[in-house]
Amino acid sequence: MDHTKERAAGTCTPRRRRRRRRAHGFIRILQLGIFFAVVCLEVCGAKVHEEPMSALEPAKQPEKQAAEPIQPERSSVSPDDWQVLLVNRWTPIPDGYAFERTTLRNGQSVDSRADPDLQEMMDACRAAGLNPRICSSYRTWEKQRELYTNKIQRLLDEGMPYEDAVGEAGTVVAVPGTSEHQTGLALDIVDTSYQILDEAQEDTDVQRWLAEHSWEYGFVLRYPSGKSEITGIIYEPWHYRYVGRTAAREMTELGLCLEEYVDWLSSR
Ligand SMILES: [Zn+2]
């Protein structure tokens, strides 16, 4: 008889079978324990991972709904509103025109009603990494006269006849009483890196940003290129005018300068 086989067969006695079943049961419980532990880790792990992610990532803003197209008959702007006060070489500022002014940090001042939107626009421009500078805003009658007569004098010094100099000066510096700067609603804004008031200003980062966004804050480029015959002023890619957010949006979408817009409002 093969004793090895006998011993091997002897492992299957009832007592050993019970022991083996107990061992199998233990292993089963162990496996189940490990399984639940892994499931728990996965679930908790996902949660632990999720929280910092949501804390780091700003909540997604709901997508802006597309603004409704302009419906001319529904404009809420009246041609008599202060925001669209028209002042140009043919329409002087009304006699006794008065308004409250707010002084800016740089000592300039503006109509207080335009100040909140102006601050918001300047903050947004700076937040975009740019350096805008307001180099001119409200001007007194005397200041406007000084700028105008200085311009005439420079043209005379260049040899221009007096009548031509007066006409030419008026297209660059408004005749006193006809400058928007006297309303406190106009601003000359330049890029700190390029502060010369000429057409190259339009190529600066600040002007590019303003060209795209100023209307969102109620400002428009008042003397755009191609409209000089209507505005009476040369193209000035630095001169912005506050007209309020509704008018700025309508003027931008319709491609109208202020003269055209006021005509349009009046004709409705
Ligand atoms: Zn200006």
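Contact here means heavy atoms within 4.5 Å, and buried means under 20% relative accessible area, with exposed over 50% and partly exposed in between (1.4 Å probe, protein chains only). Helices (H or I, at least four residues) and strands (E, at least two) are DSSP runs, numbered from the N terminus.

This is a predicted model, where local features need pLDDT of at least 70, side-chain atom pairs count only at pLDDT 80 or more, and totals for chains, interfaces and linings use all residues. Residues are numbered from 1 along each chain as its sequence is written, and side-chain values use heavy atoms, with hydrogens and water left out.

Let's start with helix α8, residues 245-254. Its buried residues are Ala 247, Ala 248, Glu 250 and Met 251. The cover over those buried residues includes β5 (219-221) and α9 (258-266). Just after α8 comes Gly 255, with a positive phi of about 70°.

Now for the metal. The zinc ion is coordinated by His 181 (NE2), Asp 188 (OD) and His 239 (ND1), at 2.0 to 2.1 Å. Donors are N, O and S atoms within 2.8 Å of the metal (3.2 Å for Na, K and Ca), and water is not among the atoms, so sites may look incomplete. Along the chain, the zinc donors follow the spacing H-x6-D-x50-H. Asp 188 in strand β4 (residues 186-191) and His 239 in strand β6 (residues 239-242) are 51 residues apart, so this pair links distant parts of the chain. Both Asp 188 and His 239 are buried.

Two helix pairs are worth a look as well. Axes are lines fitted to C-alpha atoms, for helices over the stretch in contact, and angles run from 0 to 180 degrees between N-to-C directions.

| Helix pair | Axes come within | Crossing angle |
|---|---|---|
| α3 (residues 115-127) and α6 (residues 205-213) | 11 Å | roughly 125° |
| α4 (residues 141-157) and α5 (residues 162-172) | 9 Å | roughly 130° |

Angles under 35 degrees count as roughly parallel, over 145 as roughly antiparallel, 65 to 115 as roughly perpendicular and the rest as oblique. α3 and α6 are therefore oblique to each other, and α4 and α5 are oblique too.

In the α3 and α6 pair, Met 121, Ala 124 and Cys 125 of α3 meet Val 206, Trp 209 and Leu 210 of α6. That contact has six nonpolar residues, no polar and no charged. (Ala, Val, Leu, Ile, Met, Phe, Trp, Tyr, Cys and Pro count as nonpolar, Asp, Glu, Lys and Arg as charged, and the others, Gly among them, as polar.)
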